[in-house]
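Colleague: I am new to this structure and would like a close look at a single part of it. Please take one stretch of packed helices and go through it step by step.

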Amino acid sequence: MENFSSIWSPPVAFGIVERDVYRTNMPVLANFGYLQRLRIKTALVLSPEKPLKEFEDFITENNIEMIHQGAEAWHAETTWKPVSDELVKESLEAIINPAKRPIIIICTSGRHQTGIVVGCLRRLQRWCLTSIFHEYCMFAGEHARLAAQHYIEQFDPDFIALPPILPPWLLPPPVPTSAAAAAELEGPPPPSAEPSVPPSPFLRSPYL
């Protein structure tokens, strides 16, 4: 195994999404030493292009599982969607799977496919759209795409199958209840703290 310990240079678009979840553009040789220290277990590649051979060698030498999701589920179902629903669904289910972490999310530029998947993860975490789009634009910069933001906005978190044990940064979904069921769970209202006092016979209306 080649020793990259003397090389300490994170990728240009590297970022920490959550504990044991990272994002980046496609790493190059100068980044391998930095990535080694993260003890990555899974590399989730979202770009349809085949990764560089030196990166594939790095993956193999460090016993990292590579999921080339971009090659398997890239094409969108409709003309406006920048990615397919299958790519987002399967990517998110891999990210929240504890057996796959630490995991790093990779696309060629680190902006578009990665930005969409991370944005949909934030929807799953119930972030507000303002914060989600701020994070997306922080990485995409002047290359931000309205179609990507629109996809994140219309994404349905219920589309994702959650594992039995959720990571600490992912809250369980709210349990929907009808108004009648909620009232039944609440029970009757508590008795008033003030005792009821009968009206005084001396307090009569002047009109009686």
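Modeller: Contact here means heavy atoms within 4.5 Å. The model is predicted. With that cut-off, H112, G115, V118, G119, R122 and R123 of helix α5 meet L129, I132, E135 and Y136 of helix α6. Sorted by class, this contact of α5 with α6 has 4 nonpolar, 3 polar and 3 charged residues.

Next comes the geometry of the pair. Two packed helices are described by the angle between their axes and the distance between the axes. Helix α5 covers residues 112–124 and helix α6 residues 129–140; they pack at an angle of about 160 degrees, and their axes are 10 Å apart. Angles over 145 degrees count as roughly antiparallel, so α5 is roughly antiparallel to α6. The crossing of the two, α5 and α6, is right-handed.

Helix α7 spans residues 146–154, and its buried residues are A148, Q149, Y151 and I152. Seen down the axis of α7, these buried residues fall within an arc of 155 degrees, so they line one face of the helix. An α-helix has 3.6 residues a turn, so residues three or four places apart point the same way. The cover over the buried residues of α7 includes α5 and α6, along with α4 (85–95).

Apart from neighbours within four places in sequence, Q149 is in contact with F133, Y136, C137 and A144. Of these, Y136 is also one of the α6 residues that meet α5.

Note on methods
Residues are numbered from 1 along each chain as its sequence is written. This is a predicted model: local features need pLDDT of at least 70, side-chain atom pairs count only at pLDDT 80 or more; totals for chains, interfaces and linings use all residues. Side-chain values use heavy atoms; hydrogens and water are left out. Axes are lines fitted to C-alpha atoms, for helices over the stretch in contact, and angles run from 0 to 180 degrees between N-to-C directions. Helices (H or I, at least four residues) and strands (E, at least two) are DSSP runs, numbered from the N terminus. Angles under 35 degrees count as roughly parallel, over 145 as roughly antiparallel, 65 to 115 as roughly perpendicular and the rest as oblique. A crossing is left-handed if the near helix is turned anticlockwise from the far one by less than a right angle, and right-handed if clockwise. Ala, Val, Leu, Ile, Met, Phe, Trp, Tyr, Cys and Pro count as nonpolar, Asp, Glu, Lys and Arg as charged, and the others, Gly among them, as polar. Buried means under 20% relative accessible area, exposed over 50%, partly exposed in between (1.4 Å probe, protein chains only). The arc is that of the directions from the helix axis to the C-beta atoms.
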